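Trainee: Could we go through this structure together? I would like to learn how to read it step by step.

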Amino acid sequence: MNPIFRQAKNKGFVEQLTLRNMEPYYKELGIRWDHALFDANWKEFENYEIAIDKCAIGCLRLSHDSCAYYIRDLQIDPDWQNKKVGSQAINFAIGVAQKEGFQLLRLRVFCANPVVALYERKGFRICKTEGGTHYMERELS
């Protein structure tokens, strides 16, 4: 089943999904959820809803600077994890970055998050690890 990616309009859904999925890592690292920062980033990022059969099951949030595109957030509803949706979302992000002419896609991920293995399978490499976070990047062709 192939997900569709469309502009996200339901900020509440995205925030709640992100908070629910990230809560264990935030607790482990002593990070507090910052609603004001989420709000500010909502206006700055490219926010995509991931849907299957018109039902939202995740989100993908992207941004860029002059040298790279960034996966700022990729959240999949737990019922849909491990069903290749994350892999398809990464492929979508690669396509967006390439279409915009970028040669580099970067992201940050908590070291304890098992999704690190997916990013490595998709060609990302760890460039630096700091404060419980891997900084990863992938060159685009």
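This is a predicted model: local features need pLDDT of at least 70, side-chain atom pairs count only at pLDDT 80 or more; totals for chains, interfaces and linings use all residues.

Trainee: In which element is Tyr48 found?

Mentor: Tyr48 belongs to strand E2, which covers residues 46-52.

Trainee: And is Tyr48 buried or exposed?

Mentor: Tyr48 counts as buried, because its relative accessibility is 18% and the cut-off for buried is under 20%.

Trainee: How far is Tyr48 from Asn113?

Mentor: Their C-alpha atoms are separated by 22 Å, and the two residues lie 65 residues apart along the chain.

Trainee: Which residues does Leu17 touch, leaving aside its neighbours within four places in sequence?

Mentor: Leu17 is in contact with Ile57, Gly58, Cys59, Gln75, Ile76, Asp77 and Pro78.

Trainee: What about Leu17 and Ile90, how far apart are they?

Mentor: They are 73 residues apart in sequence, and the distance from C-alpha to C-alpha is 18 Å.

Trainee: Now the helices. How do H1 and H2 pack?

Mentor: Helix H1 (residues 11-29) and helix H2 (residues 35-44) have axes 12 Å apart and pack at an angle of about 130°. The two helices are therefore oblique to each other. Their crossing is right-handed.

Trainee: Which residues make the contact?

Mentor: H1 contributes Lys11, Val14 and Glu15, while H2 contributes His35, Phe38, Asp39 and Trp42. By type, the residues of this contact are three nonpolar, one polar and three charged.

Trainee: Is Asn82 buried or exposed?

Mentor: Asn82 counts as exposed, because its relative accessibility is 83% and exposed means over 50%.

Trainee: What is the phi of Lys84?

Mentor: Phi of Lys84 is near 75°, again a positive value in a residue other than glycine. Lys84 is found in the loop between E4 and H3, and with a relative accessible area of 65% Lys84 is exposed.

Trainee: Let us step back to the whole chain. How many helices and strands does it have?

Mentor: The protein chain has four helices and seven strands. From the N terminus, the order of the elements is β-α-α-β-β-β-α-β-α-β-β.

Trainee: And what does the radius of gyration say?

Mentor: The protein chain has a radius of gyration of 14 Å, which agrees with the value near 14 Å for a compact globule of 141 residues. Along the principal axes, the C-alpha atoms fill a box of roughly 35 × 35 × 30 Å.

Trainee: How much of the chain is buried?

Mentor: Of its 141 residues, 45% count as buried.

Trainee: Last one: what share of the contacts with a separation of 6 or more joins residues 24 or more positions apart?

Mentor: Such pairs account for 59% of those contacts in the protein chain.

Note on methods:
Residues are numbered from 1 along each chain as its sequence is written. Side-chain values use heavy atoms; hydrogens and water are left out. Buried means under 20% relative accessible area, exposed over 50%, partly exposed in between (1.4 Å probe, protein chains only). Axes are lines fitted to C-alpha atoms, for helices over the stretch in contact, and angles run from 0 to 180 degrees between N-to-C directions. Angles under 35 degrees count as roughly parallel, over 145 as roughly antiparallel, 65 to 115 as roughly perpendicular and the rest as oblique. A crossing is left-handed if the near helix is turned anticlockwise from the far one by less than a right angle, and right-handed if clockwise. Contact means heavy atoms within 4.5 Å. Ala, Val, Leu, Ile, Met, Phe, Trp, Tyr, Cys and Pro count as nonpolar, Asp, Glu, Lys and Arg as charged, and the others, Gly among them, as polar. The radius of gyration is taken over C-alpha atoms; the globule rule is 2.2 Å times the number of residues to the power 0.38.
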